[in-house]
Amino acid sequence: MKKIIISVAAIALVGLVSPTFTGSVINEGLDNFVASLNTAPGYIATIESRETSWFSSAAVVSVGIDPVMFSDLGLDSAELGSAEDFSATINVTAQHGLFLTLNGVGLGLSAWRAEVNDSVFREFLAYAEDEKFYSVTGRVGLFGDVSFEDIMPKFTVITEDGGDEAITFSGWNGKGKASSDNTAYSGATDLVTVNAEGVTFEMKSMTLEASFDSDWTAPMQGDFYNSVSQFAIASINFDMPMLDTSAKLEKLIVDVKTEKSEDGRLMDMSVNYAIESIDAPEFSGRDLVIKTEVNNLERAFFKAYQEASTKPAQMEQAMLDIIETKLLPQLQASPEFNITEMSGNVADGNFSGKVMTKVTGIDSLPEPLEDPAFWISKAVMDANLTLDKAMALWIGEQVIASQIQADPNAANMTNEEIRAIAVEQVEGMIGMFTQQGMITVNADGEYEMTFTMQDGQAMLNGNPMPLPF
């Protein structure tokens, strides 16, 4: 009996004390949120009011675009129009645990809800009267883990002067989990459409998935972190019947990965693009892949560049400052830019290749900075491109056609006439390049080109290549 009484008393004590504890944690979290927004370039946030009681708390937060961004662009009030008023008031409501009912019945340290005011963007967008433009609800579990869901409603863009244009967005639904060392999020929208005079656009099923080994403030502050994310679109259709022009894209996927060094000073980033198919005027492609890497990014350089990019009017001076104070440490880290894979099928032909580049061995900057001989001596490159015959002929035709179109004497020629000349000349051009050693033919009959450079020495297809510097 005594053990039962002690257990009941312990539960009652936790139930009475935890609301005070979680209330202070919520207020601290709100302060951190506002501080993070204010350190993120381009935003400004303030807590307009706050109320805290034993079992609940509430606050009103104002979030807007920093006016400095507009002044940096050199725009006056007439040019800005209503863009400067893109701000929102966020109403935050929280319930302190352990017994929660705010977002459904359950146990936890707290439940919370944040919603923008009813009037946000209604001047520009039409959406249901009983909905908010953006809302997010969440819960902090008994062990401090956070789960949340966010929603944007279906809306239509209000056209000027009652025009016939129509832009619709089917709404956004997302959900995520967060802790002190990991954040994961996924969200999706089903449909975006644009119908205007002579133009239709339709995008289906846009999704985003992201996970990073840090708290949610890291991306806003430009910190380095380990992450994996994927952005995908199922299809895009574009049509302009009056100009007999249309384009269609199927299954676009963009994968992004970041990985920081153990000391947090450097970060590698890869961005991979894949398109299942694309059909457009004068171009069609299948199974297109481009995989890129930017390695050994230096933290101080990266943050300085991010901050400079938010102030266009001061960009030139900021870049001079970055070159003077941040460029050398970045170059000493031996940065790399690599295209580890590019491949696909275009115009019934296929191609594959890679381009690996880096600078290395830099201890000081040259004078003048633009000294080409210095940069060539520090650059390392390894590039390869392979084309089957159909692809080589297609590229050659495009090159010859562009040369003809640039000739004033061909101003009256039709596209068909230009293409006929290109088709007639292309094999001769490729043969000439092959004889000169600029292109080689492998055992499979494919055309290849390799280029390497190191210590200021360049090689093209295994043969020394003179450089202009």
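Which residues does serine 135 touch, not counting residues up to four places away in sequence? In this predicted model, local features need pLDDT of at least 70 and side-chain atom pairs count only at pLDDT 80 or more, while totals for chains, interfaces and linings use all residues. Residues are numbered from 1 along each chain as its sequence is written, and side-chain values use heavy atoms, with hydrogens and water left out.

With contact taken as heavy atoms within 4.5 Å, serine 135 touches Ala114, Glu115, Glu149, Asp150 and Ile151. Serine 135 lies in strand 8 (residues 135-140), strands being DSSP runs of E of at least two residues and helices runs of H or I of at least four, numbered from the N terminus. The relative accessible area of serine 135 is 16%, so the residue is buried (under 20%; exposed is over 50% and partly exposed in between, with a 1.4 Å probe and protein chains only).

The axes of helix 5 (residues 299-309) and helix 6 (residues 315-325) come within 9 Å and cross at roughly 170 degrees; axes are lines fitted to C-alpha atoms, for helices over the stretch in contact, and angles run from 0 to 180 degrees between N-to-C directions. The two helices are therefore roughly antiparallel (over 145 degrees; under 35 is roughly parallel, 65 to 115 roughly perpendicular and the rest oblique). In helix 5, Phe301, Ala304, Tyr305, Ala308 and Ser309 meet Met315, Ala318, Met319 and Ile322 of helix 6.

For helix 9 (residues 389-405) and helix 10 (residues 415-435), the axes come within 8 Å and cross at roughly 125 degrees. Helix 9 and helix 10 are therefore oblique to each other.
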